[in-house]
Amino acid sequence: MSSTSNYTTLIFDIGDVLFSWSPQTKTSISPITLHKILSSPTWIDYERGRISQAECYTRVGGEFSVDPTEVSRAFQDARDSLQSNEELISVIRHLKARSDGMLHVFAMSNISAPDYEVLRTKPADWSLFDDIFTSAGVGERKPNLGFYKAVISSTGADPSRTIFVDDKIENVLSARSLGMHGIVFDDHRKVVRALYNLLGDPVERGRQYLTVNAKNLLSVTDSGVFIRENFAQLLILEATENQDLVNLTDTHRTWNFFQGKPLLTTEEFPFDLDTTSLGLTVMGSPEDVAHSIMDDMLDYIDDDGIIQTYFDHRRPRFDPVVCVNALTLFYSYGRGHQLNRTLHWIHEVLLHRAYLDGTRYYATPECFLYFLGRLLEISNDVYLAAYIKPLLIEHIQERIGADGDALALAMRLRLCASFGLRNDVDLRALLPLQCEDGGWEVGWIYKYGSSDIKIGNRGLTTSLAVKAILEMQQRFPSPPSTPSAVPAVPLVKQVYTTAQSPVECSLQRKSDSSTTPGSIAASPSASQYYGTPVNRSIGSKMIEEVTKNADEAGF
């Protein structure tokens, strides 16, 4: 079990969680009637051990106008249908085995003594449980608090370090009211994922996902088409500083978004200033080559002074995020002043929140804010920071707690860490989005301008999520507040926008499985988490004096 896990006890319901059964019997008693019997006062007394089985069947027969022998046969059929949930039991076994004896597992069931005797004859790994508590044995029944308190007293479990799993919301509610972390068993995969996320180390699991899927961290559209492209690979490289994770197109000058043949667009796709700017700031280049490329870029500025997207005068397109990335390149080589009109427009986009619905090529407001933060960090320019930073911090604060997919949350958290803004709200939202395989759900970063087809990359989302968690831990070493301790509210009033719907983790499994048989840019310590760093000449920390001034100003 991860040293970061706060949980030492698991308590599971048995019926409809660890075991399934069928209410469809060979008798005249319908499934509806059978369920009514199970919730009747007579049956509740039976499960508490207050009456015998014979008395229960006789009373139930009278209450529901059924022959008691028919009741007996119906429940015998139900017992015969019992099947253990081996997949869940296997997960529990794995979690307990890796805990080094720190995790204790219990079962807690509303069940009569005779039915429990039959249950124990069913094939299952009963040795997995440190103890099993039945309503008949305790004399109490869920959701009554007395049953839970008896289990807590007997096991010595700390409710705040206990996870409780049950298929009935009222039972989970009672557990939560006593301080346990309650999980409603309404979807097997969701519950397994929650258990791994609560009991595992998110950083270690994220690293493992990236390593297992190295060189195959492909991008994917919202329609399920996989794309080999350079932009996400460059961002993964920047976040991890591990070239072994990515595949990149060899280039000596400019970059193309696509690797090989373009997909879902024109057959001939021009090289672009966006990917080129990112490539030159992440990979570096001989200075004379970089300046030569920037000289070429200056030929692609429109009459408003705004730098364009493509090295193609037949495609006059501009986008604020592309402009920000071009500014990052120019400022990193001391030539930012050549794009002053572009910078002024970016400031207006920020000031008037023109980015809130995304941009032509970028899907979320976080993309604009993230790359703007990256510009400030890489440029290390005091005057640029004075012009942009206070406003940027204000707008980052506005986004805390807003809806967003895993990538948007990771970007938001990295920005907050960079500017010293504690953000437990979005950290709590990000952690449950980690999938069973350790990677995070795909998040949308960009889109085709003409069709609005969105593109995301689980490898990118995972690398930024891991980085965000590490940076928040380093910036704020104390544990994040729990939802019960601190209200989940942003630092300032939220700005609500259209939610980005997460895509299920399975969307990219086709791609991932084929390999299986600092700040905003990478921080100096990233190599200790991911491997051998690449040589990079830029990407320093935010300048501390400007941060201090912004903090003192109340931003």
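This is a predicted model: local features need pLDDT of at least 70, side-chain atom pairs count only at pLDDT 80 or more; totals for chains, interfaces and linings use all residues.

Trainee: Okay, and which strand does S5 pair with, and in what sense?

Mentor: S5 (residues 131-134) pairs with S4 in the parallel sense, over 4 bridges. Two strands count as paired if DSSP finds at least two bridges between them.

Trainee: What sits together with S4 and S5 in a β-α-β unit?

Mentor: Helix H6, residues 113-119, and the unit is right-handed. That means that, with the strands pointing away from the viewer, the path from the first strand over the helix to the second runs clockwise.

Trainee: Which bridge partner does Thr9 have in S4?

Mentor: His104. Thr9 belongs to strand S1 (residues 9-12), which pairs with S4 in the parallel sense over 4 bridges.

Trainee: What about buried residues in the protein as a whole, how many percent?

Mentor: They make up 55% of the 555 residues.

Trainee: New topic. What order do the strands take in the open sheet?

Mentor: The order is S9-S8-S11-S10, 4 strands with antiparallel pairing. S9 (226-227) and S10 (444-447) are the edge strands, each pairing on one side only. Between S8 (residues 219-221) and S9 there are 2 bridges, and Val220 has Phe226 as its bridge partner in S9.

Trainee: Which residues touch the most other members of the largest nonpolar core?

Mentor: Leu350, Tyr362, Phe368, Phe371, Leu372, Leu392 and Ile445, out of 94 residues. Helix H19 (residues 406-419) gives the most to this core, with 10 residues. Such a core is a set of buried Ala, Val, Leu, Ile, Met, Phe, Trp, Tyr and Cys residues joined through side-chain atoms within 4.5 Å. There's also a second, separate core of 33 residues, which includes Phe12, Val17, Ile163 and Leu199.

Trainee: And why does His188 count as buried?

Mentor: Because its relative accessible area is 18%. His188 is in helix H10, residues 188-199. Leaving out residues up to four places away in sequence, His188 touches Asn85, Glu87 and Leu88, where touching, or contact, means heavy atoms within 4.5 Å.

Trainee: Where does Asn85 lie?

Mentor: In the loop between strand S3 (83-84) and helix H5 (86-97). Asn85 and Phe19 are 66 residues apart in sequence, yet 5.4 Å apart in space, C-alpha to C-alpha.

Trainee: Last one: what's the mean pLDDT?

Mentor: The mean is 87, and 85% of the residues reach 70 or more. pLDDT is the predictor's confidence in each residue, from 0 to 100. Go carefully with residues 483-504, where pLDDT stays under 50, and with residues 508-518, where pLDDT also stays under 50.

Methods:
Residues are numbered from 1 along each chain as its sequence is written. Side-chain values use heavy atoms; hydrogens and water are left out. Buried means under 20% relative accessible area, exposed over 50%, partly exposed in between (1.4 Å probe, protein chains only).
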